[in-house]
Amino acid sequence: MNHNARATIEEFSMLAQGDTVAAAVSGGADSVALLDFLCAQLDLGLTVRACHLNHCLRGEESDRDEQLVRTMCAQYGVALDVRRVDVRALAHTRGLSLETAAREARYAFFEEVARTHGCKIATAHTLSDAAETVVLNLARGTGIVGLCGIPPVRGDIVRPLIGCTRAQTEAYCAAHGLCYVTDSTNLTDSCTRNHIRHNILPQLFRVNPGALEAVGRMTAALRRDADYLSGAAREAGARAARGEGYDLGALRALHPALRARVIAALLEGGGAERSAQRIASIDAMLEGGRRRVMQVGPSLYVVADGGLLCLERRKKTPLEPIEPRLLRREAIDGARISLGDGKAVEFSVVNCADYEIFDNNGGRLLKNAADYDKIDNSIFLRSRQAGDRIQPAGRGCTKLLKKLYSEMGAADRERLCVLADENGVFFAEGVGVDERVRVDKATTHIMLIAFAHDGADGRMAPEEETA
């Protein structure tokens, strides 16, 4: 472990002579080995500190871990920063998983320690952790950056053990007589990472006993490739830049790998979330001559117009929600309801046999088509309300409508039409119908929902899209 860790520090220039570094010590084997290792690097003249976050998740066991870290730091003469955070309460308040809440709490603490003491933070992530991250990101359908695993250096965070395996850190502790604790939750499959550790990685070892080292070589190669592509994308973006945006023709001429990175940089520059879906939607905007607009954040829009792709910030005035209305199912056929702002919604009910829906109509039209006979008699037309949930037809999962609109980057959400009956939401504008009222082979009557210009004939042809 000593050789691997020292080589990693030198390869990535993690620590310089005389640096102050705070080891993040949980009390487990990896972090205990890290603290002992850093204290032993006398030739670097490091000032070594430590920090410990008590997540307050395991009662007495969490307190035991904290006490072990306090005792160890006292023995080593190392200054220690400790913080206690009720991660369960934090997760509940912010609507996060325990894993995500714990991670956010840790890194917020690390950032504060680094800022307070003007130091770097050394975490005890190992090659084993990196392999778990690669498998997790692979399952999520990540791009090249996700397959790079855990970066050895990120800002003030350094990871000297990223080239060492968990077995090596445990062997180091045994060789140096170091005591450590084991988090009991690590022995269960209660979280995704543990499931990967206990069930998936062992299968990789059956294929290749040196799988961890192979992952290390792969991530190193991918980091080089990602670094090259990022540099090439910066150069391509600089060539395509025109004023405050990018020339559409120059963007279209780029290789898709570079174009996606230029679009990602545009989003990041505006503080907007970059996701594969959003980047693909913006990429599609590059084709065609008409003006295209997509909201990507509060008051933030990507605009393709006049041969230019750029970000626009618009001052938004609060919108009034749609005036709620109670409609009767038996009177819905032919109804046209004004929604205000020059927009109306139209309803029609047709016989399935006449409609020939399965032979002549595509998925886009089916998205706004509901099985009329599956809807209760009372239909409520309104804006989204807190707690509204919908299972978009064919998606196989139910989500809060608020979250779906957020994922879509939907503009003017208070003005989007929602239809509900006694059983809940069965249609949301931009999302489509709920699985509960989905048209299928047994459908006999179909209710079609269309949006039109108020006071004009024909369907709306909206210029603005969301993603």
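Student: In which helix does arginine 217 lie?

Tutor: Arginine 217 lies in helix H10, residues 211–240, where helices (H or I, at least four residues) and strands (E, at least two) are DSSP runs numbered from the N terminus. Please keep in mind that this is a predicted model, in which local features need pLDDT of at least 70 and side-chain atom pairs count only at pLDDT 80 or more, while totals for chains, interfaces and linings use all residues. Residues are numbered from 1 along each chain as its sequence is written, and side-chain values use heavy atoms, with hydrogens and water left out.

Student: What makes arginine 217 buried or exposed?

Tutor: The rule is that buried means under 20% relative accessible area, exposed over 50%, and partly exposed in between, with a 1.4 Å probe and protein chains only. Arginine 217 has a relative accessible area of 57%, and therefore it is called exposed.

Student: Why is histidine 52 called buried?

Tutor: Histidine 52, which is found in strand E2 (residues 47–54), has 4% relative accessibility, and so it counts as buried.

Student: Which residues does UniProt list for "binding site"?

Tutor: The UniProt record, an unreviewed entry, lists Ser26, Gly27, Gly28, Ala29, Asp30 and Ser31; its positions are given in the numbering used here, feature names are shortened, and annotations may be inferred rather than shown by experiment.

Student: Why are aspartate 30 and serine 31 called buried?

Tutor: Aspartate 30, placed in helix H2 (residues 29–40), has a relative accessible area of 13% and is therefore buried. Serine 31 also lies in helix H2, and at 4% relative accessibility it counts as buried. Leaving aside neighbours within four places in sequence, aspartate 30 is in contact with Ala124, Thr126, Asp129, Leu161, Arg166 and Thr169, whereas serine 31 touches Ala24, Val25, Ser26 and Ala124.

Student: What makes the span of helix H5 close to the expected one?

Tutor: The expected span is 1.5 Å times one less than the number of residues. Helix H5 (residues 98–117) has 20 residues and reaches 29 Å from its first C-alpha to its last, close to the 28 Å expected. Just after H5, glycine 118 takes a positive phi of about 60°.

Student: Why is strand E22 described as largely enclosed?

Tutor: In strand E22 (residues 445–453), 7 of the 9 residues are buried, so the strand is largely enclosed by the rest of the structure.

Student: How do you know that strand E14 pairs with E22?

Tutor: Two strands pair if DSSP finds at least two bridges between them; 9 bridges join strand E14 (residues 343–351) to E22, and these strands run antiparallel. Lysine 343 stands opposite histidine 453 in E22. Strand E15 (residues 369–371) and E22 also pair in the antiparallel sense, over 3 bridges.

Key:
Contact = heavy atoms within 4.5 Å.
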